Amino acid sequence: MTPPGPVGDRFRRFRERLAAEGADRADRPPLSADRPDQPPLSDDRPNAASGAAAASGAGATRGPQVARGAAATSGGDHPNGRGTAASSRRGDLAARRSTEAGGRWGRRRGGGEELRVPEAEFTSYYGRPVLKGPVWKWDIAAYLFTGGLAAGSSLLAAGGQLTGRPALRRAGRVTALAAVSASAVFLVRDLGRPARFHHMLRVAKPTSPMSMGTWILTAYGPAAGVAAIAEAAGALPRHGLLGLAGRALPPIGHAAGLLAAGTAPALATYTGVLLADTAVPSWHEAYPELPVIFAGSALASGAGVGLLAAPPTQAGPARRMAVAGAALELYGAHRVETRLGLLSEPYRLGRPGRLLRAGRLLTAGGVAGALLGRRSRVVGALSGAALLAASVLTRFGIFYGGVASARDPRYTVVPQRERVEARRTAMDLPADRAVPPAV
């Protein structure tokens, strides 16, 4: 055995120095503590290179055995010193990966914070809405108003007929015929061909608001027409066939007026049921309030006709109708703007919000004028005009609010997620087994 010489002592001191420097590096934080975006790297590459050079020199002086031992100690089969730095970096990277993996598994098993996918943004392909929006235009919003006006006018005419107020009866009957004729024009314009209205009369489907609405219009229109024609009986001669017709028209007109008033509530509210039966979010969710709003708007518009056409001495039923209609309309409008949560936004923002707010102000002003200006024909007329304008704004505000909710995918996605979460909570299911929303 060869006694240890100067080269052996030098090699031993080199190994001890490497061990001491390694312990010193373990006590220092990695470079990633200052730079989180960079992985921790070993900072002893010059020392490793000098150690490899010393080992190489020792091998050249001592012999092949010592050189091979130095190469194996310094970095494997890379006698130029690169193996030492690469091995050190690989070791540090492997240790860091094992530590991070252990930390992740430890947090997951230990009940710590769970990694979750971030919430998705409410967008759609190419900016297109989730739902196909309604194809209806302004003429359907106008149809909603004229239908309510016809119903309210028939109720006003019936009130004038039963209480002996001819001015109210005449104004209500004439306005009802004009309004239902305008409704027919708007409806046929939307359908495209008059024959389509006739084709809808082939069946009667109680579960379809559109089918029931067609039959309601069919029953109401002729009755309102006969009642309005009966108002012309006083202009006919008293003798001959025309005189006979003049004497027969008043009782027929009374019966037709009562029939029109009997179908008027269905005419006033079925349009609200029709809107709520669609998939438009803000219409569908407001199914309890829309018939109430439309009924109140119909009463207010009919009262407006009475305040405009009748003298103050005969406008008592119109004033009472105005109070009842305003109460229903304001209550329903307040409900749709507060009860629906996120789906109330379309009724508060943008053009629908402006229309509904203006409608509320005009309704309140019209009722106040009708009650305070009982003896003034001018104040009564202004109050009636305000109630009619309020009814128009309310119908258009409800219409455009639903259209706005169909265009924004947020009003479709968020309520569906809330319903799924509520169903999952009620069934006590884990989050990954939530019942998917119905499409």
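Biologist: Which elements do the buried residues of α14 pack against?

Modeller: They pack against α11 (290-309), α12, α13 (345-348) and α15, where contact means heavy atoms within 4.5 Å. The elements are DSSP runs numbered from the N terminus: helices are H or I with at least four residues, strands are E with at least two. This is a predicted model, in which local features need pLDDT of at least 70 and side-chain atom pairs count only at pLDDT 80 or more, while totals for chains, interfaces and linings use all residues. Residues are numbered from 1 along each chain as its sequence is written, and side-chain values use heavy atoms, with hydrogens and water left out.

Biologist: Which residues of α14 are the buried ones?

Modeller: The buried residues of α14 are Pro 352, Gly 353, Leu 355, Leu 356, Gly 359, Thr 363, Gly 366, Val 367, Gly 369 and Ala 370. Buried means under 20% relative accessible area, exposed means over 50%, and partly exposed is in between (1.4 Å probe, protein chains only).

Biologist: What span should helix α14 have, and what is the distance between its end C-alpha atoms?

Modeller: Helix α14 (residues 350-372) has 23 residues and should span 33 Å, and its end C-alpha atoms are 33 Å apart, which agrees. The expected span is 1.5 Å times one less than the number of residues.

Biologist: What makes Glu 337 and Arg 360 a salt bridge?

Modeller: Their side chains meet at 2.5 Å, N to O. A salt bridge is a side-chain nitrogen of Lys or Arg within 4 Å of a carboxyl oxygen of Asp or Glu, so the pair qualifies. The pair links distant parts of the chain, with Glu 337 in helix α12 and Arg 360 in helix α14, 23 residues apart.

Biologist: Why is Glu 337 called buried, and why is Arg 360 called partly exposed?

Modeller: Glu 337 has 12% relative accessibility, so it falls under the buried limit. Arg 360, at 25%, counts as partly exposed. Leaving aside neighbours within four places in sequence, Glu 337 is in contact with Ser 344, Tyr 347, Arg 348, Leu 356 and Arg 360.

Biologist: How many aromatic pairs does the structure hold?

Modeller: The structure holds 5 aromatic pairs. Trp 283 and Phe 399 form one that is tilted, with 6.0 Å centre to centre and 40° between the planes. Rings of Phe, Tyr and Trp (its six-membered ring) pair if their centres lie within 6.5 Å; planes under 30 degrees apart count as stacked, over 60 as edge-to-face and the rest as tilted. Trp 283 lies in helix α10 (residues 281-284) and Phe 399 in helix α15 (residues 377-407), 116 residues apart.

Biologist: Why is the pair of Phe 396 and Tyr 400 called tilted?

Modeller: The ring centres are 6.1 Å apart and the planes are at 40°, so the pair is tilted. Phe 396 and Tyr 400 both lie in helix α15, 4 residues apart, about one turn of the helix. Phe 396 is buried at 18%, and Tyr 400 is buried at 19%. Ring pairs link Trp 136, Trp 283, Phe 396, Phe 399 and Tyr 400 into a cluster.

Biologist: What sits over the ring of Tyr 400?

Modeller: The charged end of Arg 351 does, 3.8 Å from the ring centre. The rule asks for NZ of Lys or CZ of Arg within 6 Å of the ring centre and within 35 degrees of the ring normal. Arg 395 lies over the face of Phe 294, at 4.4 Å from the ring centre.

Biologist: Which residues touch the most other members of the largest nonpolar core?

Modeller: Of its 67 residues, these are Tyr 220, Leu 267, Leu 275, Trp 283, Ile 398 and Phe 399. A nonpolar core is a set of buried Ala, Val, Leu, Ile, Met, Phe, Trp, Tyr and Cys residues joined through side-chain atoms within 4.5 Å. The largest share of this core, 10 residues, comes from α5.
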